[in-house]
Amino acid sequence: MISNSLEIEYGVKSNYLPHILNENSVGNIHSVFQTSFNLVFHDQLVHVGSLGTPVSAFGVNIPGNSLQQLLNRISAGNSVRYEDGKIMIDASNHEAKIKLDKLSEVDLRLSRLPIDRIDVKNNEIFRLINQIDFLGDSGVIQSAKESSMLNEFIFAQSDHKKVIKAIIEHFFGRGIGLTPSGDDFISGLIMAESCFSDESSCREELSEFLSSHSTTDVSRSYYQCLLNGYVSESFKHLLNNLSGTVEIAKARRLVKNVTNYGHTSGIDTLFGIQVALKKLIQ
């Protein structure tokens, strides 16, 4: 049974959280899963997961035993509060407290990285990504029309922004699940653009489209992080190693950490990264 004194002051947190929790506020538990849960404050999610797993762009990871105690006692809709650097959670008539001000911070902000056509083509991570059967394993391509759209995006010389607009409009929110395949694909495009390109056309188009269109709450939260330059930990590690030399064993581990993410979410995102890199190195 959770006691009144359950206080969690050991763990890690994304350095994006101050964008969400910048003043005292009230929220609730958005969703509860087998090994994690989401809080929501002002329409923005905060993910609570377990230490030892990659930190979400909008996440907090706490010790597994503390997390399990909470999961046994909470339900979607329970009230939560953020006050003075702490999250208070209503857990079966007891209050649990996550002391964010005591947790270590993980830097999940994307860095602008140099890109060289030859280096990328020879990069072991890029080689492994190119070996993935995206047509069979990803949920992004459902028709010949979509394959044609992506080829046009990769090789477009003129009307570049028109092509990007069509890509965002078509794939935004397309698919099922917490993060539809189309959203994951767009996220991959923007991750690669943010890291390796001087352009910001994809980001600008997504930002405009997001202001007037809806997708799932989880996708929207990832989009908000991404447009501010933040990604989840497994993606940051992978992207940071795409612009140089990386040993094959490390490359396999980094790609596996991403492909293990969600049902097809990791693969769908890698597809977006691959397409964007193909365009950049043409």
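Biologist: How many residues in the lining of the largest cavity are nonpolar, polar and charged?

Modeller: The lining divides into 9 nonpolar, 5 polar and 2 charged. Here Ala, Val, Leu, Ile, Met, Phe, Trp, Tyr, Cys and Pro count as nonpolar, Asp, Glu, Lys and Arg as charged, and the others, Gly among them, as polar. Bear in mind that this is a predicted model, where local features need pLDDT of at least 70, side-chain atom pairs need 80 or more, and totals for chains, interfaces and linings use all residues. Residues are numbered from 1 along each chain as its sequence is written, and side-chain values use heavy atoms, without hydrogens and water.

Biologist: What volume does the largest cavity have?

Modeller: A cavity is a set of points, on a 1 Å grid over the protein atoms alone, where a 1.4 Å probe fits but cannot get out; lining residues have an atom within 4 Å of a point. The largest one has a volume of about 160 Å³, a volume being the space filled by probe spheres set on the points, which are joined across faces, edges and corners. Of its 16 lining residues, D184, S187, M191, Y222 and F235 are the closest to the centre.

Biologist: And how do I read the sheet?

Modeller: Strands pair through backbone hydrogen bonds, either parallel or antiparallel. Strands are DSSP runs (E, at least two residues), and two of them pair if DSSP finds at least two bridges between them. Here 10 strands form an open sheet with mixed pairing, in the order β1-β9-β8-β7-β3-β4-β5-β6-β2-β10. β1 (7–8) and β10 (104–106) each have a single partner strand, so one side of each lacks a neighbour in the sheet.

Biologist: Which residue stands opposite E7?

Modeller: K97 in β9.

Key:
Helix = DSSP H or I, 4+ residues; strand = E, 2+ residues; numbered from the N terminus. 1 Å grid on protein atoms, 1.4 Å probe; cavity = no way out; pocket = protein on both sides within 12 Å on 5 of 7 lines; lining within 4 Å.
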